[in-house]
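User: I'd like to learn how to read a few features off a model. Can you walk me through it?

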Amino acid sequence: MTQPIRIHNDPGVILELLNLRTVFETRGGTVRAVNGISFYTRNDTVLGVVGESGCGKTVMAHSILRTVDPMGGKVADGNIFFRRKNGEVVDIASLPSEGRQLRSLRGSEISMIFQEPMTAFSPVYTIGQQIMEVITLHQKIPSRQAKAKAIEMLGRVSIPKPEVRVDAYPHQLSGGMRQRAMIAMALSCQPKLLIADEPTTALDVTIQAQILELMVALQREFEMNIIMITHDLGVIAELATDVVVMYLGSIVEKAPVGEVYSNPKHPYTKALQESIPRVEGSVSKKLATISGSVPSAKNIPPGCPFHPRCREFMQGQCDVHVPTLETLSADHTVACWLYGGGE
């Protein structure tokens with residue numbers, strides 16, 4: 001088993017993934033959705049995980065919670081070390097998927113905000129009932145006290161008249177209100193780690209800005225760590241302190257957010273930045289795109305997985321050998337043959 005690198009030696013680290021691999025067995029073959037990723041996160045920080053759709057971001061998040069679809073999906077290898085509120089370090093990857101210890105972590109110490117709250121909330125229970133269920137499950141308090149806590153949390157996320165909205169059903173709230181209610185439920189037990197999976201994708205620009213501002217304020221108030229999963233580099237710039245760039249189940253670059261924007265190294269990171277619409281410049285200038293599309297995780301190309309779409313592709317090298325993450329500076333690593341690439 002791969003030995004822990006930081007979490008056992010640094011009390012500031014609360015989550016460390018080591019060589020995590022998550023696969024799905026299908027009739028057409030094995031889908032390597034998460035293909036050997038390693039990173040760690042520290043207290044009071046926001047880690048942005050960015051990449052195109054299909055790069056493994058959401059599967060990585062579900063792997064941390066061990067909520068990967070059991071019909072063919074599983075964490076096949078690696079470690080998921082997590083530091084609990086009491087200081088104990090557990091390997092989530094080794095816990096029984098339906099065991100008591102793992103259930104005690106979900107919602108209480110690790111929470112998740114899902115991409116579309118309309119499908120994440122049950123339509124037959126009120127918002128308050130669903131928040132109360134999380135509270136009573138982990139805190140063992142009476143229903144009356146749990147409802148008061150639910151109303152308090154709805155107020156904390158700036159929902160007007162929370163004492164009224166607590167009895168509303170999901171379809172009776174707007175998209176922005178549902179997302180705020182989802183955040184309230186996720187934070188109801190004050191988790192150490194919050195995983196936000198594309199929390200602003202379905203919202204208009206004004207509501208998106210409000211949600212991001214709210215998450216920044218709550219992150220400071222609750223002193224928690226956030227993993228923000230998105231394909232939007234603008235969201236990452238607004239919220240993140242560190243960035244992980246994923247492509248086809250692998251990490252291609254890791255760095256502080258300022259370094260990623262001012263000094264990107266991997267051709268994929270550069271291409272993502274170039275594809276962002278700009279306010280300045282010629283109106284007639286064509287928006288840059290990344291040629292091709294993300295290949296199937298059932299048929300990952302040999303060598304560097306990005307090489308079929310890379311403008312700096314080196315034949316005989318990039319299409320043959322798999323690059324490893326190379327350290328460029330104290331906090332900046334990249335997996336690319338332009339910078340060494342390992343073995």
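User: Where is the place of Asn-79?

Analyst: Ground rules first: this is a predicted model, where local features need pLDDT of at least 70, side-chain atom pairs count only at pLDDT 80 or more, and totals for chains, interfaces and linings use all residues. Residues are numbered from 1 along each chain as its sequence is written, and side-chain values use heavy atoms, with hydrogens and water left out. Strands (E, at least two residues) and helices (H or I, at least four) are DSSP runs numbered from the N terminus. Asn-79 sits in strand E4, residues 73-83.

User: Is Asn-79 buried or exposed?

Analyst: The scale is relative accessible area with a 1.4 Å probe, protein chains only: buried is under 20%, exposed over 50%, partly exposed in between. Asn-79 comes out at 3%, so it counts as buried.

User: With which side chain does the Asn-79 side chain make a polar contact?

Analyst: That term means a pair of N or O atoms within 3.5 Å; within protein, one must be able to donate a hydrogen and the other to accept it, and residues adjacent in sequence count only if both atoms are side-chain atoms. Here the partner is the side chain of Asp-91, at 3.0 Å.

User: What is the strand order in the open sheet of four strands?

Analyst: Two strands pair if DSSP finds at least two bridges between them. The order is E2-E1-E4-E5, paired antiparallel. E2 (29-42) and E5 (89-91) are the edge strands, each pairing on one side only.

User: How many bridges join E1 to E4?

Analyst: Eight, with E1 covering residues 13-26 and the two strands running antiparallel. Arg-21 stands opposite Asp-77 in E4.

User: Which loop holds Glu-198, and what is its phi?

Analyst: Glu-198 lies between strand E7 (193-197) and helix H8 (205-222). Its phi is near 50°, a positive value in a residue other than glycine. Glu-198 also counts as buried, because its relative accessibility is 8%.

User: And what is the phi of Leu-248?

Analyst: About 50°, positive although Leu-248 is not a glycine. Leu-248 is in the loop between strands E9 (242-247) and E10 (250-256). At 2% relative accessibility, Leu-248 counts as buried.
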